[in-house]
Amino acid sequence: MKGVLLVNLGSPKSTDPKDVKTYLGEFLMDERVIDVPKFFRTILVKGIVLNTRPKKSAEAYAKIWWKEGSPLIVLSERLQKGVDEHTSVPISLAMRYGQPTIKSGLQELHDQGVDEVLLVPLYPQFAMATTETILVLAEELRREHFPEMSFTTLPPFYNHPDYVTVLSRSIGEKLDEFDYDHLLFSYHGVPERHIRKSDITNSHCKIDGSCCQTPSKAHQFCYRHQCFETTRGVAKTLGLKEGTYSTSFQSRLGFDPWLRPYTDRTVEKLGLEGTKKLAVVSPAFVSDCLETLEEINMEAREIFEESGGDDFMFIPCLNDREDWVKTMSRWIDEWAHQNEKVNA
């Protein structure tokens, strides 16, 4: 029997600093998020970050928290419900960090008799700190608790025509309401070393002006390339004019170099250089969360306005849009029935 596990990032249980500390501890101690030896990671996270950041992060979560709970969790549940209504196989939901856990999601499927699972990391682009950490943990849990299960993984869909079409439509609908000067595609940032670590050729990813445009097997796991390809696909679909859009990266942590250009500095520069109407979308996420609702819609908006900008438009993620729900459902049904087609 087949079933599907949708997996998103996760969220604190509440905006209480204690719950935020618990969540941040699990998140930042992941060796694929902060990829330094465990000794140094422990000193950094438990000795410094968890003693200073939870209160500030809790205040940020409080700004965007809904009556129903964490926006990311609520929106993920709505997506799950919508997909479940449109597909013929069981659909469970899990978070990489926090609740519901990947183990509980697999257990839910197991209890329904599922032994073939389609893992769906809810990230369009591949990254060590997102897709890879989900797949590694899921496999560890399978071996230990669900040895009779087999896994298939939905590949990164950053350039899938269906995804690009839906994403472009969601952006275009907002731009029709906004006479924008510039559209900024802001992706979640990762350290540059993550790009090099994911380079299966060990030589292609130089993070210069050409490697992401030069064909290579490395692109299969290159987050930077896949982000630029998402931007390129949307720009082509919407017929955006060169110079009216750009790509940047947000949410850096620490002092090591992260992917550039940085979103906050890009927004500031656009305002200072005379951009009056700025629209921003975050296509590294399919569900709105702290990084979109607070970091973009609040912080980036404030930076833009303080730098001379007049109007700022935040473009929501795909969330539980009907066309996105139907697209995900179609992908799942194609997987669920592919053997039937072969046998026929």
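This is a short talk on selected features of one predicted protein model.

Ground rules, quickly. The model is predicted, so local features need pLDDT of at least 70 and side-chain atom pairs count only at pLDDT 80 or more, while totals for chains, interfaces and linings use all residues. Residues are numbered from 1 along each chain as its sequence is written, and side-chain values use heavy atoms, with hydrogens and water left out.

Let's start with the domains. The bounds come from an automatic or database domain assignment. That assignment gives domain 1 as 2-157 + 322-337, and domain 2 as 161-315. Their C-alpha centres are 23 Å apart. On the domain 1 side, 31 residues take part in the contact, and on the domain 2 side, 26. Contact here means heavy atoms within 4.5 Å.

Next, the cavity. Some method first. We work on a 1 Å grid over the protein atoms alone; a cavity is a set of points where a 1.4 Å probe fits but cannot get out. A pocket is an open set with protein on both sides within 12 Å along at least five of seven lines, and lining residues have an atom within 4 Å of a point. Grid points are joined across faces, edges and corners, and the volume is the space filled by probe spheres set on the points.

The structure has one cavity of 30 Å³ or more. The largest cavity holds about 40 Å³. Where does the largest cavity lie? It lies between domain 1 and domain 2, because both give residues to its lining. Those lining residues are F126, A127, M128, V190, H194, I195, S198, F221 and Y223. By class, that is seven nonpolar, two polar and no charged residues. The classes: Ala, Val, Leu, Ile, Met, Phe, Trp, Tyr, Cys and Pro are nonpolar; Asp, Glu, Lys and Arg are charged; the others, Gly among them, are polar.

Now the second largest pocket. Its space is about 260 Å³. It has 17 lining residues, and S11, P12, K13, G98 and Q99 are the closest to its centre. Helix 1 (17-28) and helix 3 (71-86) each supply at least two lining residues. Helix 1 gives the largest share, four residues. The lining splits into five nonpolar, seven polar and five charged residues. On naming: helices (H or I, at least four residues) and strands (E, at least two) are DSSP runs, numbered from the N terminus.

Q99 brings us to backbone geometry. Most residues other than glycine have a negative phi, and most peptide bonds are trans. Here are some exceptions.

The bond from Q99 to P100 is cis, with omega near -10°. P100 sits in the loop between strand 2 and helix 4 (102-111). R260 and P261 are also joined by a cis peptide bond, omega about 0°. P261 is in the loop between strand 6 (245-250) and helix 9 (263-272).

Then positive phi. I207 has phi near 55°. Its loop runs between helix 7 (192-197) and helix 8 (223-238). N319 has phi near 50°. N319 belongs to the loop between strand 8 (311-315) and helix 12 (322-336). Buried or exposed? I207 is buried, at 18% relative accessible area. N319 is buried too, at 10%. The cut-offs: buried is under 20% relative accessible area, exposed is over 50%, and partly exposed is in between, with a 1.4 Å probe and protein chains only.

S92 is in strand 2 (residues 91-97). Its relative accessible area is 0%, so S92 counts as buried. Beyond four places in sequence, S92 touches V4, L5, L6, Q80, G105, E108, L109 and Q112. With which side chain does the S92 side chain make a polar contact? With that of E108, at 2.8 Å. A polar contact is a pair of N or O atoms within 3.5 Å; within protein, one must be able to donate a hydrogen and the other to accept it, and residues adjacent in sequence count only if both atoms are side-chain atoms.

E148 is in the loop between helix 5 (128-145) and strand 4 (150-153). At 41% relative accessibility, E148 is partly exposed. Leaving aside neighbours within four places, E148 contacts H110 and D115. The E148 and H110 side chains make a polar contact at 3.1 Å.

T130 lies in helix 5. T130 is buried, at 18%. Its C-alpha is 8.1 Å from that of V33, 97 residues apart along the chain. Outside four places in sequence, T130 is in contact with Y123 and Q125.

That's the tour.
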